Amino acid sequence: MTKLILCALPLALGLAACDGPAEQAGEEIDNINNVNGQAEATGEVIDRQLEAQGEMIDEASERLDERADALEDTNPAAAQRMENEAEVLEDQADKM
């Protein structure tokens, strides 16, 4: 039984580390207020929404980069501007 617990501990810690910042903040608020998961659940929803927005921005960045690749031969200046914009979008998505 002890071996099972020791084997499961890294998994449990790994799952706990997957909480986003809003969920972690909500958990801390719940602990301070001595309530059961209300703010943590709200934080989890916020984290999921931010992650979905980040994925959409990342997809837009990829499409813009593909358009830039298509323009590279005919309009290199426009292609470079699109690639720069795609990089900005990708950076923005990474921060979400």
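1. A pocket, as the word is used here, is an open set of points on a 1 Å grid with protein on both sides within 12 Å along at least five of seven lines. In this model, which is predicted, the largest pocket has a volume of about 180 Å³.

2. The lining of that largest pocket is made up of Cys18, Gly20, Pro21, Glu23, Glu44, Asp47, Arg48, Leu50, Glu51 and Met96. Sorted by class, these lining residues comprise 5 charged, 4 nonpolar and 1 polar. Both α2 (21-33) and α3 (38-71) contribute at least two residues each to the lining, and the most come from α3, which supplies 5 residues.

3. On the α2 side the contact involves Pro21, Ala22, Glu23, Gly26, Glu27, Ile29 and Asp30, which meet Gln38, Ala39, Glu40, Gly43, Glu44, Ile46 and Asp47 of α3. The residues of this contact divide into 6 charged, 5 nonpolar and 3 polar.

4. A second pairing joins α3 to helix α4 (residues 76-94), where the helices pack at an angle of about 165 degrees with their axes 8 Å apart. It follows that α3 and α4 are likewise described as roughly antiparallel to each other, and their crossing is left-handed. The residues of the contact between α3 and α4 divide into 11 nonpolar, 7 charged and 3 polar. Among the residues that meet there are Ile57, Leu64 and Leu71 in α3, and Met82, Ala86 and Leu89 in α4.

5. Where does aspartate 19 lie? Aspartate 19 is placed in the loop between α1 (2-16) and α2. Leaving aside residues up to four places away in sequence, aspartate 19 touches Gln24, Glu27 and Glu40. Of these partners, Glu27 and Glu40 also belong to the contact between α2 and α3. Aspartate 19 and glutamate 40 are 21 residues apart in sequence, and their C-alpha atoms are 9.6 Å apart in space.

Key:
Residues are numbered from 1 along each chain as its sequence is written. This is a predicted model: local features need pLDDT of at least 70, side-chain atom pairs count only at pLDDT 80 or more; totals for chains, interfaces and linings use all residues. Side-chain values use heavy atoms; hydrogens and water are left out. On a 1 Å grid over the protein atoms alone, a cavity is a set of points where a 1.4 Å probe fits but cannot get out, and a pocket is an open set with protein on both sides within 12 Å along at least five of seven lines; lining residues have an atom within 4 Å of a point. Grid points are joined across faces, edges and corners, and a volume is the space filled by probe spheres set on the points. Helices (H or I, at least four residues) and strands (E, at least two) are DSSP runs, numbered from the N terminus. Ala, Val, Leu, Ile, Met, Phe, Trp, Tyr, Cys and Pro count as nonpolar, Asp, Glu, Lys and Arg as charged, and the others, Gly among them, as polar. Axes are lines fitted to C-alpha atoms, for helices over the stretch in contact, and angles run from 0 to 180 degrees between N-to-C directions. Angles under 35 degrees count as roughly parallel, over 145 as roughly antiparallel, 65 to 115 as roughly perpendicular and the rest as oblique. A crossing is left-handed if the near helix is turned anticlockwise from the far one by less than a right angle, and right-handed if clockwise. Contact means heavy atoms within 4.5 Å.
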